[in-house]
Amino acid sequence: MTDYIYLDYAATTPVDPRVLDAMLPYFSEDFGNPSSVHQLGRRAEKAIEQARRDVAEVLNCSPREIIFTSCGSESDNLALRGAALAERERRGARHLIVSPIEHSAVTATLRQLRNHFGFALTEVDVDAAGRVTPDGIARSLRPDTALVSVMYANNEIGTLEPLAEIAALCRERGVLFHTDAVQAASQLEIDVQKLGVDYLALGAHKFYGPKGVGALYARAGSPLLPTQTGGSHEHGLRAGTQNTPYIIGLAEALKITVNERETHNANFIHHRERLIEGILHSIPDSALTGHRTERLPNHASFVFRHVNGNDLLMHLDLAGIAASSGSACKTGDPKPSEVLLALGLTADWALGSLRLTVGRQTTDAHVDRLLEVLPGTVEKLRKFDESEGETIWTTEMYRASLKTPSQADLWKRVGETKRQVREAIGTALSLEFRSEQAYQAYTGLCGEAQMAREDEVLTQELVEMLNAQADKVIQLRRQSK
Ligand SMILES: Cc1ncc(COP(=O)(O)O)c(C=O)c1O
């Protein structure tokens, strides 16, 4: 994969080799259970406690306030569910406030609290750049508000939120404040005293640490009911034997990120600005999403009118470029993103989203290549989109129709096949190539679909072929569930 260009660092990052080195001894030599009383156990425990101190130093808090978890999603879940249920028990508070642009780890948790645990949930408005205003929060606060949740930096549009102001307001009104800092931690200062938050969620794989480990900051004295019960691990707040090597990896990755932040951010901004200028300049009917300046240094996100975002990703992938249409969890979903709709975008724009996020391995040559490939790809897809309906009926289609029982029947099949192919490509993408078979079916399908698009014809034969291929992908999808 040496020629492949990766512009999807918001989805995940590769593990830094220094992080891997720090982790390795804890898989084999120092494999003890950190809860064991013998020497091996004590060594693991000592390493975890050092990691906790390291993370606490970065966050400017006490090590007692750090809880290691299995990922960013779990950190969000523990904070939100744990705080809301504890606040309900403590003072009967049953109201929650959230921004409409949160990651699903937050929205799904809060919606579950609303739908199954009797909480009321208010979504505050954001402006066209995705910024929540402290005024909007102030207007939504009620005497029974238990918790407010607003993310530090948005994963889809890169916008930074005015956390310190919102936190100050919440503190003044005696309401708990949670922030999802999963995207922010790779580039922004995360001093919980300056931010004034009560809970803050992190996930290591966004800052060149391993996948499958996260951390939650929970301010001393703020209520938190454990959601995973069992042993007394993690100050009794998260049961389960700790994953020593991954916790070591998270702490090491965070230290490196903080030490090198300035240098990396300067590079990220250089690439980001080239992407933004280059794309907006060369592609008509394109727009930047999110705030122009108050955004993550590595984040450039766009919408292109009358383009299908999933098709765009597929074409970029075929050209050797990895990008995303939003958050990794949404890829393959043909509905417009809730985040983009919350900004006030209409579906004809919101469906054509593209997120480009640069990282430590990004070079000028990578950005050059993207700027070379993207304008033509967008143009090609627009042409294909316009050709839907009457104009796709070409001479070859006419010839093919002569062999079919009725022209109407063929029309129906073509429409159906095109829909199926789009869906199949979406599902294939969301498989994340978990199996070799799925990957093969996916590339086959992409090839055929691209051919059909380039020729702007769908012959009867091609229709059959695409149908078979689409069925195969759908079957694989079912098997993998
Ligand atoms: C803003 C945000 N929150 C939470 C998560 C979930 O993190 P994890 O993948 O570690 O569960 C992500 C991942 O994309 C994210 O971008």
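A residue counts as near a molecule or strand if its C-beta atom, placed from the backbone, lies within 6 Å of it. The model is predicted: local features need pLDDT of at least 70 and side-chain atom pairs count only at pLDDT 80 or more, while totals for chains, interfaces and linings use all residues. Residue numbers start from 1 along each chain as its sequence is written.

View 1. The ligand has 16 residues around it, of which Cys71, Gly72, Ser73, Asn155 and Gly203 come nearest. This shell divides into five nonpolar, nine polar and two charged residues. Here Ala, Val, Leu, Ile, Met, Phe, Trp, Tyr, Cys and Pro count as nonpolar, Asp, Glu, Lys and Arg as charged, and the others, Gly among them, as polar. With three residues, helix α3 (residues 72-91) gives the most to the shell. Helices (H or I, at least four residues) and strands (E, at least two) are DSSP runs numbered from the N terminus.

View 2. The 20 residues of α3 reach 28 Å from the first C-alpha to the last, close to the 28 Å expected at 1.5 Å a residue. The expected span is 1.5 Å times one less than the number of residues in the helix. Because 14 of its 20 residues are buried, α3 is largely enclosed by the rest of the structure. Buried means that 20 or more other C-beta atoms lie within 10 Å of the residue's own; exposed means 12 or fewer, and partly exposed lies in between, with C-beta atoms placed from the backbone.

**View 3. Strand β8 and its two partners.** All five residues of β8 (residues 214-218) are buried. Gly214, Leu216 and Ala218 lie on one side of the strand, Ala215 and Tyr217 on the other, and both faces are covered. Strand β2 (residues 66-69) pairs with β8 in the antiparallel sense over four bridges, and Ile67 has Leu216 as its bridge partner. Strand β7 (residues 199-203) is also antiparallel to β8, with five bridges; here Leu200 is partnered by Tyr217. Two strands pair if DSSP finds at least two bridges between them.

View 4. Three strands in the order β9-β10-β12 form an open sheet with antiparallel pairing. On average, neighbouring strands are turned by 25° against each other, direction ignored. Between β9 and β10 (residues 299-304) there are three bridges, and Leu288 has Phe302 in β10 as its bridge partner. Helix α9 (residues 244-282) packs on the sheet and touches β9, β10 and β12, its direction making about 15° with that of β10. Axes are lines fitted to C-alpha atoms, for helices over the stretch in contact, and angles run from 0 to 180 degrees between N-to-C directions. Two residues are in contact if their C-beta atoms, placed from the backbone, lie within 7 Å.

**View 5. Thr107 in helix α4.** Thr107 is found in α4 (residues 104-117). Thr107 is buried because 20 other C-beta atoms lie within 10 Å. Leaving out residues up to four places away in sequence, Thr107 touches Val98 and Glu102. Asn77 is 30 residues from Thr107 in sequence and 9.9 Å away in space, C-alpha to C-alpha.
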